[in-house]
Amino acid sequence: MTLTEQLLSQIPGNPLEGLRHTDRLWQSVKDGTQPVPTVIEESLDAIAVEWDVVVCGGTLGILLGAALAQRGWRVALLERGFLRGRDQEWNISRHELQVFVELALLTEAELQQAIATEYNPARIAFLNSPDVWVQDVLNIGVDPVSLLELLKQKFLTYGGQLFEQTPFESAIVHPNGVTVNAGQQSFKTRLVLDAMGHFSPIVQQARHGKKPDAVCLVVGTCADGFPENSTGDLMATFTPMQQQCQYFWEAFPARDGRTTYLFTYLDAHPDRPSLEALFDDYFRLMPGYQTVSLEQLQFKRALFGFFPCYRQSPLKPRWQRILPIGDSSGSQSPLSFGGFGAMVRHLARLTGGIHEALQSDQLSRHALARLQPYQPNLSVTWLFQRSMSVGMNQTIEPNQINDLLTSVFQTMNMLGDPVLKPFLQDVVQFPALLQTLAQTALAHPRLILKIIPHVGLPTLIAWLFHFTSLAVYAALYPLGRSILPQIKLLPPTQQYDYHRWLEALEYGSGGDYR
């Protein structure tokens with residue numbers, strides 16, 4: 001019996017079986033054998049619409065479902081199981097959570113009720129380099145069970161209807177609506193929001209089974225028995241590259257122990273390791289990372305998953321009246337794990353945009369595509385992702401990734417919080433990026449030159465396009481805001497288009513960061 005088998009078998013809920021199920025899915029992605037479902041069909045017949053919005057996927061769909069129900073729309077929320085958050089906290093920054101108060105979904109007291117943990121400071125640390133410490137970044141642990149229960153009750157109060165144990169099965173797109181078949185029921189709606197995550201059958205059909213361009217593998221545990229430590233790690237390394245992977249670590253204080261993650265960036269090459277093999281390395285290396293023996297720990301939960309990323313993201317709607325949101329849309333950067341943080345960041349934008357789309361009946365695929373625009377500040381991060389991963393047949397110096405990250409983060413730390421903090425929260429802004437790259441290149445020219453053969457010329461050329469676009473978006477956004485008062489004189493359809501263009505500039509330049 002391996003150490004992974006031995007330790008996971010002690011944790012309630014049979015996580016070893018879940019791990020191996022996820023590994024089979026990961027293997028099918030690597031092999032290119034994952035079946036492509038056909039769940040969306042089209043019809044020329046009109047239907048009698050009963051709903052304004054059907055949200056498929058309740059765990060994160062409840063966030064947007066509650067916001068739309070609050071605005072008076074008829075919303076049905078479909079969940080394949082029971083709507084309940086996981087036991088493990090979601091880490092986020094406090095100011096990001098304020099969107100729930102700004103949208104009047106939660107009061108300050110209710111928001112505080114959903115917070116399980118809070119800590120400071122957090123560390124960024126790389127092998128053989130000085131530590132960087134920051135305050136108030138991903139330092140709030142939200143209790144998903146409490147948050148989703150609060151939002152569920154608000155959703156029901158606003159008139160929304162929740163359908164649990166009602167898994168999405170298929171849908172038919174009509175000229176005036178969509179028929180959603182789920183759990184032996186039929187829902188006729190004006191608009192479908194797909195919040196079913198990375199492996200949504202709708203997204204799988206839309207992407208035609210395309211392999212992801214990059215993947216983040218993650219394993220971890222929550223355990224008790226660690227030495228007292230009230231700080232967290234946002235990103236840490238203490239080993240050179242091994243098995244064609246650079247291992248990164250995260251650690252957060254949790255309500256009932258301490259959570260530690262091991263993650264790595266890679267492609268979907270067939271020879272990439274399984275999650276179970278990554279767990280073997282996690283248990284082998286974790287005592288050295290946290291200065292603790294495994295015998296001291298009482299493991300309570302096992303955490304694991306793989307997160308695919310596509311260069312063609314956010315995903316444009318393929319059908320009329322169906323909009324992917326959250327992880328289904330690929331709206332996260334290839335550096336982040338998406339999920340809760342990405343959904344919260346775009347919650348106000350999506351709420352306002354979908355509300356306007358319903359009001360002005362802008363529900364064609366082209367109109368809905370404006371709700372998932374090109375965002376250069378996310379696209380530029382593909383270069384960073386590529387520089388932190390290594391091809392299966394590629395040779396680089398064992399410490400090259402550590403050396404690069406040390407140089408970049410020491411530069412950002414020297415430039416201060418206005419540069420460092422947005423980047424750590426997945427927001428890239430042109431002035432900060434320009435300063436960081438310029439100073440890093442001046443201080444470490446040889447290291448920068450090593451990046452070119454590492455990432456490849458095509459990646460670098462594509463990055464230059466996105467970098468230029470980021471500069472253009474940053475310049476245009478203040479101009480777009482300056483003429484916003486005059487837009488109220490336009491017809492609703494033109495107002496919708498202008499607002500989506502302005503939001504694309506705002507979010508695409510990182511101008512939404514507060």
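Four cavities of 30 Å³ or more turn up in this predicted model. The search behind that count rests on a simple idea: rolling a probe the size of a water molecule over the atoms shows where empty space is left.

Start with the largest cavity. It holds about 230 Å³ of space. Its lining has 18 residues, and those closest to the centre are Val29, Gln34, Gly209, Lys210 and Tyr310. Helix H2 (15-31), helix H7 (201-206) and strand E17 each supply at least two lining residues. By class, nine residues of this lining are nonpolar, six are polar and three are charged.

Now move to the second largest cavity. Its volume is about 90 Å³. The lining divides into six nonpolar residues, five polar and one charged.

E13 has another partner. Strand E16 (residues 257-266) pairs with E13, again in the antiparallel sense, over nine bridges. Here Gly220 stands opposite Tyr261 of E16. How many of the 11 residues of E13 (residues 214-224) are buried? The count is 10, so the strand is mostly covered by the under 20% cut-off for relative accessible area. As a general point, side chains in a regular strand alternate between the two faces of the sheet.

That leaves the cysteines. How many disulfides does a search of the whole structure find? It finds zero. Cys309 is in no disulfide, and the nearest cysteine sulfur, in Cys216, is 7.7 Å away. A disulfide calls for two cysteine sulfur atoms within 2.5 Å.

Are Cys245 and Cys309 buried or exposed? Cys245 is buried, with a relative accessible area of 1%. Cys309 also counts as buried, because its relative accessibility is 7%.

Key:
Residues are numbered from 1 along each chain as its sequence is written. This is a predicted model: local features need pLDDT of at least 70, side-chain atom pairs count only at pLDDT 80 or more; totals for chains, interfaces and linings use all residues. Side-chain values use heavy atoms; hydrogens and water are left out. Buried means under 20% relative accessible area, exposed over 50%, partly exposed in between (1.4 Å probe, protein chains only). Helices (H or I, at least four residues) and strands (E, at least two) are DSSP runs, numbered from the N terminus. Two strands pair if DSSP finds at least two bridges between them. On a 1 Å grid over the protein atoms alone, a cavity is a set of points where a 1.4 Å probe fits but cannot get out, and a pocket is an open set with protein on both sides within 12 Å along at least five of seven lines; lining residues have an atom within 4 Å of a point. Grid points are joined across faces, edges and corners, and a volume is the space filled by probe spheres set on the points. Ala, Val, Leu, Ile, Met, Phe, Trp, Tyr, Cys and Pro count as nonpolar, Asp, Glu, Lys and Arg as charged, and the others, Gly among them, as polar.
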